[in-house]
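Subject: Structure for you to look over

Hello,

Here is the structure I promised. Please open it first, then read my notes below.

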Amino acid sequence: MNLAWRDIRHKLGRFVLTCLGLSLLLSVVVMMAGIYRGQTADALALLRAIRADIWIVESGTLGPFAEASSIPGDTREMVARINGVVEAGSITMQNVQIERGGRKVRLQVAGYEPGRPGGPIHLVAGRAITRSHYELIADRQTGLAVGETIHLGRNDFTVVGVTSGVVTLSGDSIVYMTLRDAQQLQFDLAPSATRREAARGAQRTQTDLVNAVVARLSPDVPPDEVAEIMRRWKHLAVLTDGEQQLLLTRTVIERASRQLGLFMGILTVVSAVIIALIVYTLTMDKIREIATLKLIGAPDKVIVGLILQQALMMGVFSFWIGATLVYFFKGWLPRAIVMVPSDIASLFGVVIAVCLLASTLGVRAALRVDPGRALVG
Amino acid sequence: MAANTPSQPLVEVKGLSKHFGEGESRVDALRKVTISVGAGEVVGLLGPSGSGKSTLLNAIGSIIEPNEGWMRLDGEVVYDNRWLRRDLRRMRLEKIGFIFQTHNLLPFLDATDNVAVVFHLAGVAREEAVERSEQLLDYLQVGHRKHAMPSQLSGGEAQRVAIARALANRPRIILADEPTAALDSTRAGIVMDLLRKLAVEQRAAVIAVTHDDKIFNRFDRIFHLRDGRLDDEGDQL
């Protein structure tokens, strides 16, 4: 005879409502873990989309994601001539904000040379960029459809293709355009500013700059070896793909991860306090029944079992509902949420431990109940 | 465990005292109380509020610890200025059945399981526990309500289920605290008849605390308590 389950079944509505409330709290804990994994996945997705073996950036910088980097546009040709480099491409990265349907949308504009590394790998709709100007490939998350036109800088761009699964570290969607268009967008001054610069006799600003050059190497050439050769050029810095991954996952998102970890810790403590209070309240509601059980001879293990089992059932149901909610609704959330089975299992373990710990308050109250209370009318 | 012989009373209390508080706030709830109740006897504990009736019942039921005295229950000396058994709850489960003023049924169990819970605690298998519980409910003429939850039972039915629970482990000692307080005179009479029947058939000792003058004539003996003292050795009725 399972007294815990019988008691829950007797007050099923209250138990379900309690679990629903708790599940929302636990779903936030699950979401935090998912956001952390999502952030890492986003960072790596961008790198995987570019599929570079080495990154050539401005000397003394950790560009182009961790720090700003600006190098001459002809660097690509120098890189391409190095033994072991199969292909190389220049890229630019720039954040812009557009208005779409009355809503502000943040985008990252990636400039690349069609036919060279740095562009989108696969398209889910439309075609690749074929004209040298004013064509765009947008990530599906932007909501832009093939044939749609958006205004960027001083020009209108037409969406000719749609890719998917590529966002920036901050979760912004990416749009691809030709390197030349991206350079104009990034470095060209507004006409009034150009006229002012000309009036004061300044030389025309150089616009053939890129943020980085990415190179793919022959499979039999170690990236570190090629990187070492390029590092002899004092005006450039070189990162292998492994170093870039490490930089993004360990350094760039480290602070955000620490913050997420802090929130998770606080939420876990809050959950523990709430579970403790719920278990305590459930126990206090049963004082007379507990006293009766003690009076008719129930040993402590029966009383403790009653409370612990209820706390565990509450934790298990709430966690299951919370995790299921996150699983089904993660697509509607603004940030990518990646649910890793090992994370979910670890969180489940933490919730079970929290339930056991939180029930000590209720267990203590129950063990102190005087069986004589059952005799009080 | 010592066995009770025919000549020995089932409940034997000698010089039992209990006080609450110390110094000026000390209240003597029991003062050297001595009683004995034999098998098949139904005795009443009477007295005004605060006279020590419930304290005596709780002490015999091992719910509170006396300060001094001696007590033998069902042939086993359980108290001699200190408890001689550590597992008092087990002792209650084995020897004592409680009947409360309010039925105190567990609200989340139906009538059968409210009785079966005692068998469950005693380690009896589920099927046997249910069968024996149903037999008890039938015996107490409430078997037709075996699947009803406590909230669906009338006062009399609930009290009979509570009595069935008290009898589940065939206790030799039945302690009843105002067992008829919540019942009308007809049902009170039925309950007292039932207690008498149990005392006779199961050779049990029944001790009931009561204020209910309608049932005074149902007791074999009545002990009057006043300020923690027994007025007499038990009036024979």
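**Helix 6 of chain B**

On the face of helix 6 of chain B turned away from its buried side sit the exposed residues Thr186(B), Asp193(B) and Glu201(B). Keep in mind that this is a predicted model.

The buried residues of helix 6 of chain B are Ala188(B), Val191(B), Met192(B), Leu194(B), Leu195(B), Leu198(B) and Ala199(B). Viewed down the axis of helix 6 of chain B, these buried residues fall within an arc of 155°, so they line one face of the helix. Their cover includes strand 3 (42-46), helix 5 (155-167), strand 7 (173-177) and strand 8 (205-209) of chain B.

The length of helix 6 of chain B (residues 185-201) checks out: 17 residues at 1.5 Å a residue should span 24 Å, and the end C-alpha atoms are 24 Å apart. Arg203(B) follows helix 6 of chain B and has a positive phi, near 55°.

**Helix 4 of chain B**

Helix 4 of chain B (residues 126-139) has 14 residues. From first C-alpha to last, helix 4 of chain B reaches 20 Å, close to the 20 Å expected at 1.5 Å a residue.

Which residues of helix 4 of chain B are buried? They are Ala129(B), Ser133(B), Leu136(B) and Leu137(B). These residues cover an arc of only 100° around the axis, which puts them on the same side of helix 4 of chain B. Helix 3 (111-121) and helix 5 of chain B are among the elements that cover them. The face turned away from the buried side of helix 4 of chain B carries the exposed residues Glu127(B) and Glu128(B).

Gln141(B) has a positive phi of about 55° although it is not a glycine. Most residues other than glycine have a negative phi. Is Gln141(B) buried or exposed? Gln141(B) has 12 C-beta neighbours inside 10 Å, so it counts as exposed.

**The antiparallel sheet of chain B**

In chain B, 4 strands form an open sheet in the order 2-1-4-5, with antiparallel pairing. Strand 2 (27-37) and strand 5 (76-80) of chain B are the edge strands, and each pairs on one side only. From one strand to the next, the twist averages 20°.

Strand 1 (residues 11-20) and strand 2 of chain B pair in the antiparallel sense over 7 bridges. The bridge partner of Lys18(B) in strand 2 of chain B is Leu30(B).

Asp74(B) lies in the loop between strand 4 (68-73) and strand 5 of chain B. Asp74(B) is not a glycine, yet its phi is positive, about 50°. With 24 C-beta neighbours inside 10 Å, Asp74(B) counts as buried. Asp74(B) and Glu12(B) are 62 residues apart along the chain, and their C-alpha atoms are separated by 8.7 Å.

Strand 3 of chain B runs parallel to strand 9 (residues 221-226) of chain B, and 4 bridges join them. In strand 9 of chain B, Arg221(B) is the bridge partner of Val43(B).

Strand 9 of chain B also pairs with strand 10 (residues 229-230) of chain B, in the antiparallel sense, over 2 bridges. Leu225(B) stands opposite Leu230(B) in strand 10 of chain B. Strand 9 and strand 10 of chain B form a hairpin with 2 residues between them. Asp227(B), in the turn, has a positive phi of about 50°.

**Where the chains meet**

Best wishes

Methods. Residues are numbered from 1 along each chain as its sequence is written. Chains are lettered from A and ligands numbered from 1 in the order in which they are written. This is a predicted model: local features need pLDDT of at least 70, side-chain atom pairs count only at pLDDT 80 or more; totals for chains, interfaces and linings use all residues. The expected span of a helix is 1.5 Å times one less than its number of residues. A residue is buried if 20 or more other C-beta atoms lie within 10 Å of its own, exposed if 12 or fewer, and partly exposed in between; C-beta atoms are placed from the backbone. The arc is that of the directions from the helix axis to the C-beta atoms. Two residues are in contact if their C-beta atoms, placed from the backbone, lie within 7 Å. Two strands pair if DSSP finds at least two bridges between them. Axes are lines fitted to C-alpha atoms, for helices over the stretch in contact, and angles run from 0 to 180 degrees between N-to-C directions.
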